[in-house]
Amino acid sequence: MFFFAKIFWIVSQPVTICFLLMALSVLLMLFSFRRLAIAAGLVSLALFFVSFYTTSGALIVQELEDRFPRPAAPADAACVIVLGGGIPTQVDGARGGYDLDDGGDRYIETVRLAGLYPNAKIIMSGGDGSLEGVAMTESDVIRRMFNDFHIDPNRVEYDAESRDTYENAINTRAILQRLNLTHCLLVTSGFHMPRAVAIFRNLGMDVTPWVADYRTTGKEGLKVTVAYPLINAGLLSTGVREWIGIVAYYFAGRVATLYPQ
């Protein structure tokens, strides 16, 4: 399932579809299928325009982010679960340190929560989610970061085997059962929270969603914008990928509901 999902996403993301449609248009033109070539080219241009020059991606991501507003901070927390997804492990493996990308807010928030709840266990779930494989996992990098921030190593459990969200949940459940922990805060990005909560709930874990990474203002509207084409395309790819994951997990039986409350 892991390898199929990775390969499927490579060919199904909007930018790749634009390229494939344009390539198809050229081939059809070479073989004198003029009308089909023009149709494929126009569809490619339309998708390119929507991806790069509209806020359609921001709207999709915003809906996902707003599904689970962050609740009031509880008086106490037994544990904090942070899901991997904010570390470029290829760079960190080569250069050292911990270079955080957009999802790195997950780890910054976990450091803050570690100070807010000094008795809470911390579960860092993140291995190597790439197809090519890297020498260093996210857990390896974050271990170094947590040590630098003087978080007691005895408080932290690391899962360096997980490659995707489902494996995050399976491996985390084993840790929670071993430590007899319940009622944990679940830290991940806002767009990723609905799928993560659905998986954890389906596996019988009671978690409190704790969003640590927002990509939108929460006040987005549909409009044409030419200022940030790469950001627009990135948001659309993020939203589409997440919905593909939600639907795929639903039909695979990995979640009980398509869009959890």
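A salt bridge is a side-chain nitrogen of Lys or Arg within 4 Å of a carboxyl oxygen of Asp or Glu. In this predicted model, Arg-178 and Glu-157 make such a pair, with their closest N and O atoms 2.9 Å apart. Arg-178 belongs to helix α8 (residues 165-179) and Glu-157 to strand β3, so the bridge ties together parts that are 21 residues apart in sequence. The two partners can also be described by their accessibility. Arg-178 is exposed, with a relative accessible area of 52%, whereas Glu-157 has a relative accessibility of 18% and counts as buried.

Five parallel strands make up an open sheet, in the order β3-β2-β1-β4-β5. Its edge strands, β3 (156-159) and β5 (207-213), each pair on one side only. From one strand to the next, the twist averages 20°. Strands of a sheet pair through backbone hydrogen bonds, either parallel or antiparallel.

Strand β1 (residues 79-83) is joined to the parallel strand β2 (residues 121-125) by five bridges. Within this pairing, Leu-83 has Ser-125 as its bridge partner, and Val-82 stands opposite Met-124. Strand β1 also runs parallel to β4, and three bridges join these two strands. Here Val-187 of β4 is the bridge partner of Val-82.

How many of the residues of β1 are buried? Five of its five residues are. They cover both faces of the strand: Cys-79, Ile-81 and Leu-83 are buried on one side, and Val-80 and Val-82 are buried on the other.

Helix α9 (residues 193-202) lies across β1, β4 (184-189) and β5, and runs at about 145° to β4. The loop between β4 and α9 contains Gly-190. This glycine counts as buried, because its relative accessibility is 0%. Leaving aside residues up to four places away in sequence, Gly-190 touches Leu-64, Glu-65, Val-211 and Asp-213. The C-alpha atoms of Gly-190 and Glu-63 are separated by 9.5 Å, while the two residues are 127 residues apart along the chain.

The side chains of Arg-195 and Glu-242 meet at 2.6 Å, N to O. This pair links distant parts of the chain, with Arg-195 in helix α9 and Glu-242 in helix α10, 47 residues apart. Both Glu-242 and Arg-195 are buried.

Helix α10 (residues 229-251) also holds Asn-232, which is buried with a relative accessible area of 9%. Not counting residues up to four places away in sequence, Asn-232 touches Ser-51, Phe-52, Tyr-53, Thr-54 and Thr-225.

The structure holds six salt bridges. One of them joins Glu-109 to Arg-112, at 2.8 Å from N to O. Both residues lie in helix α6 (residues 105-116), three residues apart, which is about one turn of the helix. Glu-109 is buried, with a relative accessible area of 9%, while Arg-112 is partly exposed at 40%. Together with Arg-70, Glu-109 and Arg-112 are linked in a network of salt bridges.

The last stop is on the surface. Val-26, Leu-27, Leu-30, Phe-31, Phe-33 and Leu-36 form a nonpolar patch there, and together they have about 660 Å² of accessible area. Helix α2 (residues 14-30) supplies three residues, the largest share of the patch. Leu-36 is found in helix α3 (residues 34-53). With a relative accessible area of 51%, Leu-36 is exposed.

Methods. Residues are numbered from 1 along each chain as its sequence is written. This is a predicted model: local features need pLDDT of at least 70, side-chain atom pairs count only at pLDDT 80 or more; totals for chains, interfaces and linings use all residues. Side-chain values use heavy atoms; hydrogens and water are left out. Patches are made of residues with over 30% relative accessible area and no salt bridge: like charges are joined within 9 Å, nonpolar side chains (Val, Leu, Ile, Met, Phe, Trp, Tyr) within 5 Å. Accessible areas come from the Shrake-Rupley method with a 1.4 Å probe; for residues, only the protein chains shown count as cover. Helices (H or I, at least four residues) and strands (E, at least two) are DSSP runs, numbered from the N terminus. Buried means under 20% relative accessible area, exposed over 50%, partly exposed in between (1.4 Å probe, protein chains only). Two strands pair if DSSP finds at least two bridges between them. Axes are lines fitted to C-alpha atoms, for helices over the stretch in contact, and angles run from 0 to 180 degrees between N-to-C directions. Contact means heavy atoms within 4.5 Å.
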